Amino acid sequence: MDVASPAVDLQAVRVVRGGRVLVDDVDWVVRRSERWALLGPNGSGKTTLLKVAGMQLLPTGGRVSVLGERYGATDARALRRRIAYVSQSLLRGLHPAITAHDAVVTGRTGALEPYWHAYGEDDHARADSLLASAGLADAAGRPLGLLSEGERQQVLISRALMGEPELLLFDEPAAGLDLGARERLVQRLSELAADPATPPMVLVTHHVEEIPPGTSHAALLRTGRFVASGPSAEVLTSTAVSACFGVPVVVTCVEGRFSARVEV
């Protein structure tokens, strides 16, 4: 691995599916120490761009390099094992009867069932430690199907960390969460962002309120193109966010936490 290279380097990336342009001529670089938020309305191309960065989707055009490896010149399956992609689709792939502990420990190998691989005492101890960090020590033995939405999201984050990834990608992790669960999620993501040992992070969201403190950079997408991209404080302005969502809003930031309201 070339640690001097960017974690993600996309040049003139274009994605067309079914005759529809989902991402159009996007240049985007995520460096090793950075924490990013991708923000935009529904259909703006956020998840599509995240899938390209996670080696989950081959673009129609452009150049993609992730963790120093060029898409098309490397084994994408092997590279995907170095990337944690946290999404609702992963949760749907896990059996609801699997325990929280087993869901986390299988993250070391990327398996969906614990009996596919053998795990040692160190693996089980690390899984328990990650659940404890999420405030779920008492839920380790409970089935996923009996956990709340917020608890399941915390399990998915713990599972992602279990694999010791080199890149963390989060696709709308706060979707469907109530206020308390959202705030607990934002707090954990903020703790990860503040930890120098955490790999580069990218978060996709619709709402500035879901962006954790410590997010160093942001990009605003509209109709598959970047409206703005760069340091969070320079990008997440009232003018730029209003242009991105097509509605006049006032964006404020207090102690690293952004919020937006319609301008009256």
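Contact, as used in these legends, means heavy atoms within 4.5 Å. The structure is a predicted model, in which local features need pLDDT of at least 70 and side-chain atom pairs count only at pLDDT 80 or more, whereas totals for chains, interfaces and linings use all residues. Residues are numbered from 1 along each chain as its sequence is written, and side-chain values use heavy atoms, with hydrogens and water left out.

Figure 1. Strands (E, at least two residues) and helices (H or I, at least four) are DSSP runs, numbered from the N terminus. With neighbours within four places in sequence left aside, His217 is in contact with Glu34, Arg35, Trp36, Ala37, Gly230, Pro231 and Ser232. The relative accessibility of His217 is 17%, so this residue counts as buried. Buried here denotes under 20% relative accessible area, exposed over 50%, and partly exposed the range in between, computed with a 1.4 Å probe on protein chains only.

**Figure 2. Trp36 in strand β3 (residues 35-39).** Trp36 is buried, its relative accessible area being 5%. Apart from residues up to four places away in sequence, Trp36 touches Trp28, Val29, Val30, Met201, Val202, Leu203, Thr215, His217, Ala218, Ala219, Ser229 and Gly230. The side chains of Trp36 and Glu34 are joined by a polar contact of 2.9 Å. A polar contact is a pair of N or O atoms within 3.5 Å; within protein, one atom must be able to donate a hydrogen and the other to accept it, and residues adjacent in sequence count only if both atoms are side-chain atoms. Between Trp36 and Gly214, which are 178 residues apart along the chain, the C-alpha separation is 9.4 Å.

**Figure 3. Asp24 in strand β2 (residues 20-30).** Asp24 has a relative accessible area of 15% and is therefore buried. Its side chain makes a polar contact of 2.6 Å with the side chain of Arg14. Not counting residues up to four places away in sequence, Asp24 touches Val13, Arg14, Gly224 and Arg225.

**Figure 4. Packing of helix α6 (residues 149-162) against helix α7 (residues 179-194).** Two packed helices are described by the angle between their axes and the distance between the axes. Here, axes are lines fitted to C-alpha atoms, for helices over the stretch in contact, and angles run from 0 to 180 degrees between N-to-C directions. The angle between α6 and α7 is about 15°, and their axes lie 9 Å apart. The two helices are therefore roughly parallel. Angles under 35 degrees count as roughly parallel, over 145 as roughly antiparallel, 65 to 115 as roughly perpendicular, and the rest as oblique. The crossing of α6 and α7 is right-handed; a crossing has this hand if the near helix is turned clockwise from the far one by less than a right angle, and is left-handed if anticlockwise. On α6 the contact is made by Gly150, Gln154, Ile157, Ser158 and Leu161, and on α7 by Ala181, Arg184, Leu185, Arg188, Leu189 and Leu192. By class, six nonpolar, three polar and two charged residues form the contact of α6 with α7. Ala, Val, Leu, Ile, Met, Phe, Trp, Tyr, Cys and Pro count as nonpolar, Asp, Glu, Lys and Arg as charged, and the others, Gly among them, as polar.

**Figure 5. Crossing of helix α5 (residues 121-133) with α6.** The axes of α5 and α6 come within 9 Å and cross at roughly 140°. This angle makes α5 oblique to α6. The crossing of α5 and α6 is right-handed. Asp123, Arg126, Ala127, Leu130 and Leu131 of α5 meet Val155, Ser158, Leu161 and Met162 of α6. The contact of α5 with α6 comprises six nonpolar, one polar and two charged residues.

**Figure 6. Helix α9 (residues 238-245) and its covering elements.** The buried residues of α9 are Ala240, Val241, Ser242 and Cys244. Elements covering these buried residues include β3, β9, β10 (225-231), α8 (232-235) and β11 (249-254). Gly246 follows α9 and has a positive phi, near 70°.

**Figure 7. Lys51 in helix α1 (residues 46-53).** Lys51 is partly exposed, with a relative accessible area of 35%. Leaving aside neighbours within four places in sequence, Lys51 is in contact with Gln56, Leu57 and Tyr85. Lys51 and Arg81 are 30 residues apart in sequence, and 14 Å apart in space from C-alpha to C-alpha.
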